[in-house]
Amino acid sequence: MGGILLESRQRREKAKAQEELRKSMEAAKSVVFVDFRGLSVQDDTALRRKCRESGVSYKVVKNTLALRAAQELNLGGMEDVFKGPTAMAASEVDPVAPAKVLRDFSLEIPVVKIKGGVLEGQSISPDRVVFLATLPPREVLLTQVAVAMNGPLSSLATVLNAPLAGLATVLGQVKEQKEKAQI
């Protein structure tokens, strides 16, 4: 009888953990999954600190529960991600932060391997995670877009202004001619 109660409690705990993973993945702007095999305790502590400083949550996940949570969110092609030791880094604010932190850390400590991720509700490959990590900060991208849009807009304003300027010149000349004719 005690074994049945223990099994029932374990199932409830697993269901709760799976639900928390699903909610975390759903709420996050981005999630990155890594293999941390071979990471020393000291390096793991350093990685967790860097994640905290960047506003990124980091935790080790149970593969079966994480895969079920991903399937509930209709994230296909995640089966290979959840093989071997897996940790999850997520951010609800900055979609680039988890990718940047983990990519930079994996360059310092090569045992950390990016396995894949989720961006705005879509699964992404390790290559896409690395690409995401190389993007400039949001403010820089917005500045680049503003500068790129400014050129064509100022050209358009000049082109649209030219006929008006020409019309004003012609009207000014007509006025001068009429004034001369009246004298």
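This report walks through the fold of a predicted model, from the whole chain down to one residue.

## Ground rules

Because this is a predicted model, local features need pLDDT of at least 70 and side-chain atom pairs count only at pLDDT 80 or more, while totals for chains, interfaces and linings use all residues. Residues are numbered from 1 along each chain as its sequence is written, and side-chain values use heavy atoms, with hydrogens and water left out.

## The chain as a whole

Let us start with the overview. The protein chain has six helices and five strands; helices (H or I, at least four residues) and strands (E, at least two) are DSSP runs, numbered from the N terminus. From that end on, the elements run α-β-α-β-α-β-α-β-β-α-α.

Of the 183 residues in the protein chain, 31% are buried (under 20% relative accessible area, with a 1.4 Å probe and protein chains only). The chain exposes about 12,000 Å², 58% of it supplied by carbon and sulfur atoms; the areas come from the Shrake-Rupley method with a 1.4 Å probe. Among contacts (heavy atoms within 4.5 Å) between residues at least 6 apart in sequence, 79% join residues at least 24 apart.

The five strands form an open sheet in the order 2-3-1-4-5, with antiparallel pairing; two strands pair if DSSP finds at least two bridges between them. Strand 2 (57-61) and strand 5 (122-124) stand at the edges with a single partner strand each, so one side of each has no neighbour in the sheet. On average, neighbouring strands are turned by 20° against each other, direction ignored.

Strand 1 (residues 30-35) and strand 4 (residues 113-119) are joined by six bridges in the antiparallel sense. Here valine 32 stands opposite glycine 117 of strand 4. Helix 4 (residues 97-108) packs on the sheet and touches strand 1, strand 2, strand 3 (86-91) and strand 4. The direction of helix 4 makes about 25° with that of strand 1.

## Helix 4 meets helix 5

Helix 4 and helix 5 (residues 126-134) pack at about 100°, their axes 8 Å apart. Axes are lines fitted to C-alpha atoms, for helices over the stretch in contact, and angles run from 0 to 180 degrees between N-to-C directions. The two helices are therefore roughly perpendicular (65 to 115 degrees). Helix 4 contributes Ala99, Lys100 and Arg103 to the contact, and helix 5 contributes Val129, Val130, Leu132, Ala133 and Thr134.

## A closer look at glutamine 18

Glutamine 18 lies in helix 1 (residues 2-27) and is buried, with a relative accessible area of 11%. Leaving aside neighbours within four places in sequence, glutamine 18 is in contact with Leu65, Arg68, Ala69 and Glu72.

How values were computed. Parallel < 35°, antiparallel > 145°, perpendicular 65-115°, else oblique. Buried < 20%, exposed > 50% of the residue type's maximum accessible area, 1.4 Å probe, protein only.
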